[in-house]
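This report covers a protein chain and an RNA strand. The sequence and structure are shown first, and the text follows.

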Amino acid sequence: MPLRFYNTLTQEVELFRPLEDNLVRMYTCGPTVYNYVHIGNFRTFTFQDILRRWLKYRGYQLNHVMNVTDVDDKIIAGAAREGKSIADYTAVYTKAFFEDAATLRLQQPEHVAPATKHIAQMVDAIEKLSAHGSTYTNDGSTYFRITTFPEYGKLSHNDFSGMKTGARVDVDEYDKADARDFVLWKARKGDEPYWDTPFGAGRPGWHIECSAMAMAYLGETLDIHAGGIDLVFPHHENEIAQSESITGKSFARYWLHSEHLHIESQKMSKSLGNFYTLRDLLGQGYAPEAIRYLLASVPYRKKLNFTFEGLKAASKTIERLRDFELRLTSTKLPRGRNDAIAERSAQAIRAFEDALDDDLNTAEALAAIFEYVREINSALDAGEFREENRWDAAKVLEVFDSVFDVLKPSETTGAQADSLSDAEIEKLVTERNQAKKARDFARADAVRNQLLEQGIVLEDTKEGVRWKRK
RNA sequence: GGCGCGGUAGCCAAGUGGUAAGGCAGAGGUCUGCAAAACCUUUAUUCGGCGGUUCGAUCCCGCCCCGCGCCUCCA
């Protein structure tokens with residue numbers, strides 16, 4: 001079965017076909033850099049990374065744009081609190097975000113677009129909307145009038161046709177003619193940062209930034225627009241209203257939304273205060289790969305309940321895969337190739353591909369890998385696995401890791417960094433072997449314990465000693 | 001109230017109209033000087049509840065119960 005995605009717009013799983021050949025134009029909503037993002041946010045970014053990697057695996061060329069919102073109410077407030085310019089203030093969190101993303105092995109989009117670097121594009125978009133008759137102004141702010149866009153609500157599947165008009169609702173300290181109208185340009189207030197424009201001094205509303213930047217980089221119609229499920233309404237609905245009012249064309253063909261990460265059955269969020277940052281978890285000794293695995297292992301349209309038990313399970317699971325990889329490379333094998341195993345390996349890859357083609361069903365893809373691992377372990381036990389099958393199995397792991405990217409341990413830090421070198425370990429292992437040969441088990445055990453204290457685990461196998469860092 | 005998602009073993013979780021993937025934990029075993037590590041085996045007569053359709057439903061329909069999200073900034 002070919003690649004399929006669930007499209008929020010149609011509420012159906014659809015075959016994926018880009019507009020143009022094998023080029024995928026993709027836009028994803030990035031962070032607002034007013035603080036460290038939490039792992040709930042990273043659940044979405046990890047989903048986007050899996051999506052990126054799978055599209056590339058399937059041979060598509062990507063043009064992926066991610067925005068960085070670096071001017072908004074929280075940023076202005078935070079910068080004022082610290083007596084910094086918004087540029088200085090957001091630089092800290094922007095840097096932190098990309099460091100964290102790299103730690104989680106998230107691939108960089110082809111373009112990262114900070115809002116403040118694209119004010120001209122936003123001004124241009126607002127002028128076009130104004131010319132189109134979609135806007136009105138009030139106290140120096142410019143608003144989008146949603147009654148000018150009859151399809152408003154088509155993404156979130158809300159019916160606004162019977163809504164009240166004319167009611168004045170004070171939201172966000174700006175007066176709007178209609179509760180559902182949204183601000184395109186906020187009038188300058190007090191000491192807040194501002195830009196001069198033909199429609200007055202001020203700063204952009206949030207929604208216009210994505211419409212303006214997406215179209216600036218990717219053209220009038222995107223293939224994929226992705227983000228967290230909470231952005232469906234109003235953010236993405238508003239993007240559609242703005243963009244399609246300007247172009248008269250479909251803004252994005254496939255809308256993909258990831259479910260939230262929950263903690264104690266509630267979504268993780270800054271305002272609820274129930275969040276962990278990546279740095280919190282790393283500080284508790286969890287490996288980035290374990291966090292990445294946990295975030296990726298639950299299919300993106302399912303709520304993911306974050307627990308430390310789950311994080312520990314993820315750590316163990318990765319260890320199992322690494323043990324398998326180690327066994328594959330370290331075991332002495334008879335010459336030749338077992339064709340059944342070669343075929344089984346190809347079949348594992350097909351099952352893995354089928355699962356991810358099916359709207360990125362990562363849980364099923366992982367199941368395909370683990371079934372394979374178990375069967376190959378048995379084949380190794382039975383002596384059925386031969387020298388040339390190494391390549392078959394390595395290929396399976398390579399395909400797996402091209403998407404999940406958890407096999408390679410992260411750079412060790414702190415205590416482990418100044419641990420023993422490989423040569424030192426080998427020397428002690430040899431020493432222990434000699435002691436064992438001499439039946440000096442006390443000495444052998446002493447060496448074993450010494451290594452264990454340094455985080456080195458010895459495995460006595462039929463073919464001798466294998467060691468690994470814990 | 002409107003829109004949407006979900007309730008599958010101790011925990012996480014896939015899935016199909018024909019009688020339940022996978023991971024973690026638990027139990028047993030193989031290996032071993034003893035261990036450890038690793039590996040293997042095993043663990044739901046049952047899929048929130050009640051009806052209905054069907055030869056047959058966890059999977060389709062209806063009702064109910066429970067949890068969650070959006071409707072305001074939000075991944």
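## RNA strand B and its surroundings

A residue is near a molecule or strand if one of its heavy atoms lies within 4 Å of it. By that criterion 56 residues surround RNA strand B, and the closest are Trp 206, Gly 228, Leu 231, Thr 317 and Asp 460. Sugar or phosphate accounts for 70% of the atoms of RNA strand B within 4 Å of the protein, and bases for the rest.

Polar contacts are pairs of N or O atoms within 3.5 Å; within protein, one must be able to donate a hydrogen and the other to accept it, and residues adjacent in sequence count only if both atoms are side-chain atoms. A phosphate oxygen of RNA strand B lies 3.1 Å from an N or O atom in the side chain of Arg 320. Elements giving two or more residues to the surface near RNA strand B include α1 (39–57), β12, α9 (308–330) and β17 (456–461). The largest share, nine residues, comes from α11.

## Basis of the model

The model is predicted: local features need pLDDT of at least 70 and side-chain atom pairs pLDDT 80 or more, while totals for chains, interfaces and linings use all residues. Residues are numbered from 1 along each chain as its sequence is written, chains are lettered from A and ligands numbered from 1 in the order in which they are written, and side-chain values use heavy atoms, without hydrogens and water.

## Domains

An automatic or database assignment gives chain A domain 1 (4–258), domain 2 (278–404) and domain 3 (414–469). The centres of domain 1 and domain 3, taken over C-alpha atoms, are 55 Å apart.

## The parallel sheet

Helices (H or I, at least four residues) and strands (E, at least two) are DSSP runs, numbered from the N terminus; strands pair if DSSP finds at least two bridges between them. An open sheet of five strands has the order β5-β4-β3-β12-β13, with parallel pairing. Because β5 (111–114) and β13 (252–258) each have a single partner strand, one side of each is left without a neighbour in the sheet.

Three bridges join β3 (residues 23–28) to β12 (residues 222–228), and Met 26 has Ile 224 in β12 as its bridge partner.

## Thr 247

Thr 247 is found in helix α6 (residues 232–247). Its relative accessibility is 18%, so Thr 247 counts as buried (under 20% relative accessible area; exposed is over 50%, partly exposed in between; 1.4 Å probe, protein chains only). The Thr 247 side chain reaches the backbone nitrogen of Lys 249 at 2.9 Å.
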